[in-house]
Every structure is written in structure tokens, then in C-alpha cells.
Amino acid sequence: SNATGNSGIYLQQLDPASGLPVGSAVKAPQSEGVSNATAPPLACAASCRVVYRIDARLLGQTRNRIVTWAPGEAAPTLVSTPSF
């Protein structure tokens with residue numbers, strides 16, 4: 001989503017038989033940021049895991065973080081802290 005106040009990566013489970021949404025969309029923690037808001041839609045099977053960049057400015061830090069997260073997890077898991 002790039003909607004004001006709701007930017008970030010959202011995951012929405014779909015019923016494989018009907019294609020209709022199941023439950024509510026879930027926002028990936030700390031996924032705000034311009035580059036995340038322009039990510040293409042993803043389709044997953046029974047479970048889904050995303051990898052995304054957390055903008056260092058959102059955390060008051062100087063280095064971005066690459067993280068992975070799946071719905072149901074309390075927080076993202078750090079993968080890397082690249083120098084960009």
C-alpha cells in the first residue's frame with residue numbers, strides 16, 4: 001500500500017478455490033518506505049514469507065536493514081545490514 005498513513009507491505013490470504021480474501025490483510029512490521037510501497041503483488045501457497053528493507057531513518061539509525069517476516073511472527077528477523 002502507498003496510502004497515506006498506511007504505506008508498507010501487506011499480505012492477504014486468499015481462498016485457493018474461490019480466489020476470495022480470507023480474514024484481514026496483515027502489515028509486515030516496519031515495512032513503511034517508498035521502495036516497499038512500490039513492490040509488486042505476490043501470490044503464495046498456504047504460507048508466505050517476505051523479504052524487505054527497513055529504512056534506517058524509521059529506526060533513527062544510519063544503516064538500512066534487510067529482514068524477513070511471515071504472518072504470525074511477532075517481529076521481522078534480521079538478514080543483513082547493507083551499506084546502502
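This is a predicted model: local features need pLDDT of at least 70, side-chain atom pairs count only at pLDDT 80 or more; totals for chains, interfaces and linings use all residues.
Which side chains meet in a salt bridge, and at what distance, N to O?

Residues are numbered from 1 along each chain as its sequence is written, and side-chain values use heavy atoms, with hydrogens and water left out.

Now the answer. The side chains are those of R49 and E73, at 2.4 Å, N to O. A salt bridge here is a side-chain nitrogen of Lys or Arg within 4 Å of a carboxyl oxygen of Asp or Glu. The structure holds one. R49 lies in the loop between helix 1 and strand 3, and E73 in the loop between strand 4 and strand 5, so the pair ties together parts 24 residues apart in sequence. Buried or exposed? Partly exposed, in both cases: R49 has a relative accessible area of 45%, and E73 has 28%. The cut-offs: buried is under 20% relative accessible area, exposed is over 50%, and partly exposed is in between, with a 1.4 Å probe and protein chains only.

Next, the layout. The chain has two helices and five strands. From the N terminus the elements run β-β-α-β-α-β-β. Helices (H or I, at least four residues) and strands (E, at least two) are DSSP runs, numbered from the N terminus. Of the 84 residues in the chain, 27% are buried. The accessible surface comes to about 5,600 Å², and carbon and sulfur atoms hold 57% of that. Those areas come from the Shrake-Rupley method with a 1.4 Å probe; for residues, only the protein chains shown count as cover.

On to the strands. Two strands pair if DSSP finds at least two bridges between them. Strand 1 (residues 10-14) and strand 2 (residues 21-27) are antiparallel, over four bridges. L14 stands opposite P21 in strand 2. Six residues lie between the strands of this hairpin, and G19 there takes a positive phi near 80°.

Most residues other than glycine have a negative phi. Q30 is partly exposed, at 32% relative accessible area.

Five bridges join strand 3 to strand 4, and V51 has T68 as its bridge partner in strand 4. Strand 4 and strand 5 pair over three bridges. There, I66 stands opposite S80 in strand 5.

Last, the core. Which residues form the largest nonpolar core? The nine are I9, L11, A28, C48, V50, Y52, I54, V67 and W69. Strand 3 gives the largest share, three residues. Such a core is a set of buried Ala, Val, Leu, Ile, Met, Phe, Trp, Tyr and Cys residues joined through side-chain atoms within 4.5 Å. Strand 3 itself is mostly covered, with four of its five residues buried.
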